[in-house]
Amino acid sequence: MIDQTAVVVAFYVIAASTVACALMVAAVRNLVHAVLFLVLTFVGVAGIYVVLSADFVAVAQVLIYAGAISVLLTFAIMLTPGADRRNSETVYQGPAFVLAGLLLAVIVFVVYDTDWRIAGRGEFAVTAAELGRAFFKPYIVPFEVASVLLVAAMVGAIVLTREEADDAF
Amino acid sequence: MSALLTIISRNWYDIRDLSNLSNAILERIRDAGGPGWLVYVVSALLGAGGIVAFIGGAAIINIWIERRVVGRMQSRLGPNRLGPFGLLQPIADAIKLMQKEVLQPRVADALVFSVAPIAFTVPGIVVLAVLPWGRNMTLADLDVGVVFILAMSSLAALAVFTGGYGSNNKYALFGAMRVIAMLVTYEIPSVLALLGLVLFTGTMNLASIVLFQEKYWLPLVLVQPLPFLIYFISSSAELNRTPADLAEAESEIAGGYHVEYSGMKFGLFYAAELINCVAISAIMATVFLGGWWTYKLDEIVPGWMLFIGKIYAVYFLFVWTRGTLPRFRIDQLLAFAWKWMTPMAFINIVVVAAEVLIWTETGWSAGLLLPVYVAVNGAFAVALIVGWVRFMGPKFSRFPDRPRFYSGIDVPSLPAYRQPAPEATGIGTAPSSTGVA
């Protein structure tokens, strides 16, 4: 029902809005506005995943990035005393532009140097089931290592933030 | 009766399956030579229009339900002046909110302030698109429907923060940060409860979950009572409903994150809370109570009417808890989620995974195993809850002489409670009047 032109139009609309939001993240002065534009960028990337028919990855992107990581960034900004509204003028803007330009050059070189092949559109397996099988057959060790890493991070966070309270149960 | 049903079936006026009506319209368009994309767009608009019509009706009716039914539960009359039984009260509420001035503080962030109510409403409405309203009536039949629902529920935290931050008001920001802490905490038990269901049915597609319940003649609430309870409690915390509505309690924090909103923006926040509650009730009615399927009754009565009835049955449970329970403190809520509901949800997943393994490995028939699972899960849920409270909860004291704080969570410790004063006599000493909010 959806032919090729609709997919291409959708891709360009989503890509344009994502790039615009990403530019606003860097350009806006207020740090909280930057976080909100970053959330819009995350949702735009989820839209690109949908254009690629990766449904589980798109929904996981919204759930994890826009749902949890943005909350983390919000707390980080709220708990930092120097995150003022007019705090974006620093002396590091020059080196930041140089570094970003170098990164852009590397990515553009990689994009032009890769041998992109247009894959034939075959039968799409259900992505969530395939991901589950991949987690438990070839990639079982990285899966377990990632969970150990998460437990270590949680324990570290609790150790860093607890205070000795002697009048509570 | 069945002869009558076979006569009217598959005609456009067979409202038991509203896809007949939309298919008739789409065939007209195709016969008139419309292009493919027009058919797709029209079908999407018809489905979305139906859902928005339901949302509009639900937002109005639920205002009346909240006020009248809670009033009757609290032994007082609810609204009873406007119309019979106060049925026209929501219309008066809407007119009042529309004619109020939409104030915006001069130092507030204009764009962030205005976007927050919209960002709060949209995920609640979008969730209704993945739910099956009938056998062929799903607007967006996603294969990852359950994760989509969880993703939309997690976007509510951000909307609350934008509302609280954009108001440029310290009480609003304080309330917003507490609400974010609560929402992020209660996402975990709700995700784990639905994970147990996905394990049991083997699919994340909501239409397939309803078909699973139809195939085995078993609404999943019977075989998974503990996830029903966990999802109900954590959803009522995520929806900021009493007993967990400390974010917007007017008597405590001056309204929380919507203290600076007035007029229709506040009306949109209020309606968005009700719409979110309807969406969560619809999800619970789909996965736990069977959705449109009701033991062959859906062949006579249209399935979507039964579904709406089940939505309002679950919504009545939410209103019942609201009218009955008092409000909790933030440390009580967070400790309850981390120390009680999350371990319970994990234990439930282990039990469900063992049951699914037994079912697939031994190949015994479902008619033998499922009643056993119903009995085992029910007994296990009751035993786990009672045993946990008995053996791992704090000791119950009939006359407590000091309040029970949970360490590490932002409750200010009063000097009067640090150690007993030498001349205090314990029970007879009156506590300090500045109690913990």
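Start by selecting S53(A), which sits in the loop between α2 (31–51) and α3 (55–78) of chain A; helices are DSSP runs of H or I, at least four residues, numbered from the N terminus. This is a predicted model, in which local features need pLDDT of at least 70, side-chain atom pairs count only at pLDDT 80 or more, and totals for chains, interfaces and linings use all residues. Residues are numbered from 1 along each chain as its sequence is written, while chains are lettered from A and ligands numbered from 1 in the order in which they are written.

Look at the backbone here: phi of S53(A) is near 65 degrees, a positive value in a residue other than glycine. Most residues other than glycine have a negative phi. S53(A) is exposed, with 12 other C-beta atoms within 10 Å (exposed means 12 or fewer such atoms, placed from the backbone).

Next, move to chain B and pick K296(B), in the loop between α13 and α14 (303–324). Its phi is near 75 degrees, again a positive value in a residue other than glycine. K296(B) is exposed too, with 9 other C-beta atoms within 10 Å.

Now select helix α3 (residues 36–73) and helix α13 (residues 264–287) of chain B. How do they pack? Their axes, lines fitted to C-alpha atoms over the stretch in contact, are 9 Å apart at an angle of about 105 degrees. Angles run from 0 to 180 degrees between N-to-C directions, and α3(B) and α13(B) are therefore roughly perpendicular (65 to 115 degrees).

Finally, show the contact itself (C-beta atoms, placed from the backbone, within 7 Å): I55(B), A58(B), A59(B), N62(B) and I63(B) of α3(B) meet A271(B), L274(B), I275(B) and V278(B) of α13(B).

Note on methods:
Helix = DSSP H or I, 4+ residues; strand = E, 2+ residues; numbered from the N terminus. Parallel < 35°, antiparallel > 145°, perpendicular 65-115°, else oblique. Contact = placed C-beta atoms within 7 Å. Buried ≥ 20, exposed ≤ 12 C-beta atoms within 10 Å, placed from the backbone.
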